[in-house]
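Please look over the chain shown below before reading on. The briefing that follows goes through its core, its rings, its charged pairs and its strands.

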Amino acid sequence: VLQTTLNINGTVTKKGGSWDIHFANLSTPTLTGDAKSTNADIQATSFTFSATVAKPLDSIVYTFDVVNGGSIDAVLDSITLSGATEAKTHNITYTLTYADDKPIAKGDTLKSEQTRSLKLTVSYDDVDSLSESDIELDLGAVLIYVQAEETNSGGGDLDSDLETYAVGQEV
């Protein structure tokens, strides 16, 4: 009876990695007209601000970074703006974009060690009527980043890191 025994043996090295998506580098806000920024603070996972726009065409622009300081690529799984619809009913426009004015969208990637500048803008629309009293609006945004599915902590092309072996070939 003919017989062949085929063996497979190997070792695996699990590479270390890190996950570090955070905010950084809040710039001095750009104010137009009588707009005021009374408080702006950035922490690793939060950015808070208080601003006042007093008359039509006033605006305030905050520029800051989202940073991937880790070794794993990330993808934006969701982005939610809260308060923007209500703000619009009071002639306030609230937007969050990349600093180059490109829209932020689900599926945007943030590669390992990459930094993207964001721009948050609050502006009083050009209207013919003013509010009779002060209106305080609660505005917010939530960005959720998840691990990109095709991440390679080695930093190279995924396919170039793969080797193919035939059964029985010396490795």
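Is aspartate 73 buried or exposed, and what is its relative accessible area? Aspartate 73 is buried, with a relative accessible area of 14%, where buried means under 20% relative accessible area, exposed means over 50% and partly exposed lies in between, for a 1.4 Å probe and protein chains only. This is a predicted model, in which local features need pLDDT of at least 70 and side-chain atom pairs count only at pLDDT 80 or more, while totals for chains, interfaces and linings use all residues. Residues are numbered from 1 along each chain as its sequence is written, and side-chain values use heavy atoms, with hydrogens and water left out.

**Nonpolar core**

- The largest nonpolar core has 25 residues, and among them Phe64, Leu118, Leu120 and Tyr145 touch the most other members; such a core is a set of buried Ala, Val, Leu, Ile, Met, Phe, Trp, Tyr and Cys residues joined through side-chain atoms within 4.5 Å.
- Two or more residues of this core come from each of β1 (21-24), β5 (59-68), β6 (74-82), β7 (92-98), β9 (115-124) and β10 (140-147), the strands (E, at least two residues) and helices (H or I, at least four) being DSSP runs numbered from the N terminus.
- Leucine 118 touches Phe23, Tyr62, Thr63, Phe64, Val66, Leu96, Thr97, Tyr98, Ala99 and Ile104, when residues up to four places away in sequence are not counted, and contact here means heavy atoms within 4.5 Å.

**Aromatic rings**

- A search of the whole structure finds five aromatic pairs; rings of Phe, Tyr and Trp (its six-membered ring) pair if their centres lie within 6.5 Å, and planes under 30 degrees apart count as stacked, over 60 as edge-to-face and the rest as tilted.
- Phenylalanine 47 and phenylalanine 64 form a tilted pair, at 4.7 Å centre to centre and with 35 degrees between the planes.
- This pair links distant parts of the chain, with phenylalanine 47 in strand β4 (residues 47-52) and phenylalanine 64 in strand β5, 17 residues apart, and both phenylalanine 47 and phenylalanine 64 are buried.
- Phenylalanine 49 and tyrosine 62 form another tilted pair, at 5.2 Å centre to centre and with 45 degrees between the planes.
- Because phenylalanine 49 lies in strand β4 and tyrosine 62 in strand β5, the pair ties together parts that are 13 residues apart in sequence.
- Phenylalanine 49 is partly exposed at a relative accessible area of 22%, whereas tyrosine 62 counts as buried at 0% relative accessibility.
- Ring pairs link Phe23, Phe47, Phe49, Tyr62 and Phe64 into a cluster.
- Arginine 116 lies over the face of tyrosine 98, at 3.7 Å from the ring centre; a charge sits over a ring if NZ of Lys or CZ of Arg is within 6 Å of the ring centre and within 35 degrees of the ring normal.

**Salt bridges**

- The structure holds five salt bridges, each being a side-chain nitrogen of Lys or Arg within 4 Å of a carboxyl oxygen of Asp or Glu.
- Aspartate 73 forms a salt bridge with lysine 111, the closest N and O atoms being 3.9 Å apart.
- Aspartate 73 lies in the loop between β5 and β6 and lysine 111 in the loop between β8 (109-110) and β9, so the pair ties together parts that are 38 residues apart in sequence.
- Lysine 111, at a relative accessible area of 46%, is partly exposed.
- Lysine 55 and aspartate 34 meet through their side chains in a salt bridge of 3.1 Å, N to O.
- That pair links distant parts of the chain, lysine 55 being in the loop between β4 and β5 and aspartate 34 in the loop between β2 (30-32) and β3, 21 residues apart.
- Lysine 55 is partly exposed at 34% relative accessibility, and aspartate 34 is partly exposed at 39%.
- A network of salt bridges links Asp34, Lys55 and Asp58.

**Strand pairing**

- Strand β3 (residues 36-42) and β4 pair in the antiparallel sense over six bridges, where two strands pair if DSSP finds at least two bridges between them.
- β3 and β4 form a hairpin with four residues between them, and asparagine 39 stands opposite serine 50 in β4.
- Three strands form an open sheet in the order β8-β6-β10 with antiparallel pairing, and its edge strands are β8 and β10, each of which pairs on one side only.
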